[in-house]
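Let's take a walk through a protein model together. Keep the picture in view and look up each residue as we get to it.

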Amino acid sequence: MLRHTLLAATVSGIALLSAGSVTAQTVQTEATGVDDIVVTAQRRSENIRDVPFAVTALNAETLTEISAGGADILSLSARVPSLQVESSNGRYAPRFYIRGLGNVDFDFTASQPVSVVLDDVVLESVYLKGFPLFDVQQLEVLRGPQGTLFGRNTPAGVVKIDTVKPTDEFTGFGSLTYGNLGSTRAEAAVTLPASETLQVRGAVLWNHRDDWINNAYNPSFADPNGDDLGSFDDLAARVHVAWQPTDRLSTLLTLQARDYEGTGTMNRANALTTGSNELNGNFDRDTVYYDGGRNNFQKQQTTSQTLRVAYDFGPATLTGIVGSYQGSSSGDGDIDGGVATAPAGAPYKTPFNSETGTLSSDLQQYTYELRLASNDAGPLTWQVGAFYWDERFNLVSGTFNGTGGVIPTRITDIVQKSDSWSVFGQGSYQLTEALKVTAGVRYTDDSRDYNGRIVLGAGAGGTGAVSVGDEQVSWDVSALYEVNDNLNLFARVAKGYRGPSIQGRNLPVLTTADSETVMSYEGGFKARLWDGRARLNGTAYIYEVSDLQFTAIGGADNSNRLINADKGEGYGLEIDGDVYLGGGFSVAAGLAWNHTEIKDSDLLVAVCGSACTVTDPIVMVGTARRANIDGNPFPQAPEYTANLTLNYVRDLGNDTELFASTDWVMQKDFNLFLYESVEFMQDTAFEGGARIGWRDLDSGVEVAGYVRNLTDEENVIGAIDFNNLTAFVNEPRTYGVQVSKRF
């Protein structure tokens, strides 16, 4: 029903755009400088140069370019210095890392040290963080602890997404993209000013791809044309209703929905060879050999309702935000990526079958925030507030025999309930004309309860229950010094934390992790150069984590358990900027060096069950081999990341122009697991895209061709180590055309 409703909204939206009147769009075609960027990283609108910590903003044009081939939120990886995004759960459970700090746990109930905030509502679970990006005004990546204003589980940073809100002007757009693999992306949005006090913004997205991967083994799931897997249909919609009955009172109601169905992550058996981290001849992007997983299907539906009410008292504005999210999903996967019963010597033969799935998962999240912020433009600005978050997750998972059987051999049913409340305050004072200091503090009380039972299979009837909780104080102190109109210097000290966690996948065995706390120190500069034609930002940072939470996944015992490392540290440099070169050319680039290191001389983890080449010291615990990981880098933490975008615009006259762009990202030297081995330590991964087109600024029409993964790179982004040398890779090369119209 939800799918039919959203599809009808898509058709109606595009039809409305086609019938609507057209007004001219004003765009500066021959820029002479870089525009100022306004961000809300401190819950206020301000110039990005006035924010006393590292923040990078991506605009709607950039997001449109990188998503052209149907890419999801994983395409943000390395677009910003020190940002890494990956997933082993397909398109609906991404994992974020900033400055090397993240969590590789694939469970929906896992906690992350990077928070995603969509329109001022935190998306706590990875279950929600994969919501599609469409009709986005701006995306900001805030690096370093953000606990004062954004609360728990932000010791690494925040990805802040703001969508387009309604205004008093009739505006909108429609966009249609079609490419190879049957990729289709249709997006439309319109703002309707119903009256002087009431405005509505509606937006809808349909993202589709055909099946393009052949399951060459299992005839029961096979398509006669040889295309069995790889497809997806992702339908999402959003409505904003803004009402301002008086000059002082404003409200914004937001309704969202998503209906997703597609293929999950494609695990490739024996894709790596012992002693090498390169994909071998067994890897074929277009072919897999699965005897289970029901073609790795995934389904997810989410809905949300948010109400924001603000009242301007004159000296201060009181804002209340109430948010509610609901979701349900199911899925299955051939985890070993091959066939245990295959003939000896077959490249897809695995030691044993492994197939697991989510029979059902149901999420409910509620958030409540009340914030009072000063309006005065004097030397002192401040804000205080209170926040409450409540989440309930019910997950029923199954283990199958791995040969296509539809009856699980084991079923577990878990319920995890979490809640957190906090109070916070922040103030800034302009000490001199050039120097501003800011300080903030937040007190948080966290609790989490887990109850699980084994419904079917080995240990049936067994149960497990555990509760964790903590109280923490987060704070930050910063200074911003304006050297001149074009150069600001900043320094910041901040303390953040991630709340205690529970891992119950290995029922009846439960593991927990204590809260991790982060002390971070950073300093840098933000500059405008060459008479405003260039912008350059630089940051140096160092942080130390106490009781660093890690998830030890896989290994010879195929477990998923939480551990605390005694200490961890990270330090590095970040540079980003952009410059207008003249003649229609502009360049934007970013570069980061991030060093991370585990500091715990007694920390041992299981090593691979496959034939990998472990380079860590091995310690025997009974008959089990364990690796001492003291000194290792954090997992999924590239030591180097870089991005580069080159744009060109040529004026053709009569308000028309040609444009072309190419963009590239690179990640270098990152480990996939906690232990180090030759096979799972990745060297350099890069990927690029290009776009060329024509636009009419007067009519708002644009036509473009695009290519993503231009050189068809095959980059390993993750692996499975308990069964064989399994790997999964990045998106294939996609290309096509885009047609859009704005009014």
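Glu369 and Arg371 are both buried, where buried means under 20% relative accessible area, exposed means over 50%, and partly exposed is in between (1.4 Å probe, protein chains only). The two form a salt bridge, with their closest N and O atoms 3.8 Å apart. For a salt bridge, a side-chain nitrogen of Lys or Arg has to be within 4 Å of a carboxyl oxygen of Asp or Glu. This pair also belongs to a network: salt bridges with shared partners link Arg43, Asp120, Arg308, Glu369 and Arg371.

A quick word on what you're looking at: this is a predicted model, where local features need pLDDT of at least 70 and side-chain atom pairs count only at pLDDT 80 or more, while totals for chains, interfaces and linings use all residues. Residues are numbered from 1 along each chain as its sequence is written, and side-chain values use heavy atoms, leaving out hydrogens and water.

How many salt bridges does a search of the whole structure find? It turns up 30. One of them pairs Arg99 with Glu574, whose closest N and O atoms are 2.9 Å apart. Arg99 sits in the loop between strand S5 (95-98) and strand S6 (114-118), and Glu574 is in strand S29 (residues 559-582), so this pair ties together parts that are 475 residues apart in sequence. (Helices, H or I of at least four residues, and strands, E of at least two, are DSSP runs numbered from the N terminus.) Both Arg99 and Glu574 are buried.

Asp135 and Arg201 make another salt bridge, with 2.8 Å between the closest N and O atoms. Asp135 is in the loop between helix H3 (126-129) and strand S8 (136-143), while Arg201 is in strand S12 (residues 198-209), so the pair ties together parts that are 66 residues apart in sequence. Again, both Asp135 and Arg201 are buried.

Now for the nonpolar residues. A nonpolar core is a set of buried Ala, Val, Leu, Ile, Met, Phe, Trp, Tyr and Cys residues joined through side-chain atoms within 4.5 Å. The largest one here has 83 residues, and Leu76, Leu139, Tyr675 and Phe680 touch the most other members. Strand S28 (residues 534-554) supplies the largest share of this core, 6 residues. A second, separate core has 13 residues, among them Val51 and Leu142.

Finally, find Thr613, in the loop between strand S31 (604-606) and strand S32 (618-621). Thr613 is partly exposed, with a relative accessible area of 30%. Its C-alpha atom is 8.5 Å from that of Glu676, 63 residues away along the chain.
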